[in-house]
Amino acid sequence: MPAMTYTLRWPDASETVAYSPSLVIQDYFAPGQAYALDDFLQKLREATGIANDRVRAKFGFACSRASDQLADIEARVARHAGAPGAQVQVVAFGPAD
């Protein structure tokens, strides 16, 4: 199953590299595009759910790394939620590490 990474730029200009066990993330986000936090989180939850379903279908269990990644991103979104007009930008897609 092809996995990938994606780089995110947060409202404080910090960047993080996130992991997805499936290329489905590319169906939800575009490099260079910024998303309102709520919209970003909704799309990410859906994409991660699909990715986990694919992993479960192939291996019999969900990807714990993807679930942990989602929890980390949810926490980071919560830290920025109070900033007016806060957005997260998908900087780039890359190969899995």
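Student: Which residue in strand 4 is the bridge partner of Tyr35?

Tutor: Happy to start there! This is a predicted model, where local features need pLDDT of at least 70, side-chain atom pairs count only at pLDDT 80 or more, and totals for chains, interfaces and linings use all residues. Residues are numbered from 1 along each chain as its sequence is written, and side-chain values use heavy atoms, leaving out hydrogens and water. Strand 3 (residues 34–36) runs antiparallel to strand 4, joined by 3 bridges, and the strand 4 partner of Tyr35 is Val88.

Student: How many bridges join strand 1 to strand 4?

Tutor: Strands are DSSP runs of E with at least two residues, helices are H or I runs of at least four, and both are numbered from the N terminus. Two strands pair if DSSP finds at least two bridges between them. Leu8 has Val90 as its bridge partner in strand 4. Strand 1 (residues 4–9) and strand 4 (residues 87–95) run antiparallel, and the number of bridges joining them is 6.

Student: Why do the buried residues of helix 2 line one face?

Tutor: Buried means under 20% relative accessible area, exposed over 50%, and partly exposed in between (1.4 Å probe, protein chains only). In helix 2, the buried residues are Ala66, Gln69, Leu70, Ile73, Val77 and His80. They line one face because, seen down the helix axis (using directions from the axis to the C-beta atoms), they fall within an arc of 100°.

Student: Which exposed residues does the face of helix 2 turned away from its buried side carry?

Tutor: The buried residues of helix 2 pack against strand 1, strand 2 (15–20) and helix 1 (37–59), with contact meaning heavy atoms within 4.5 Å. On the face turned away, the exposed residues are Ser64, Asp72, Ala78 and Arg79.
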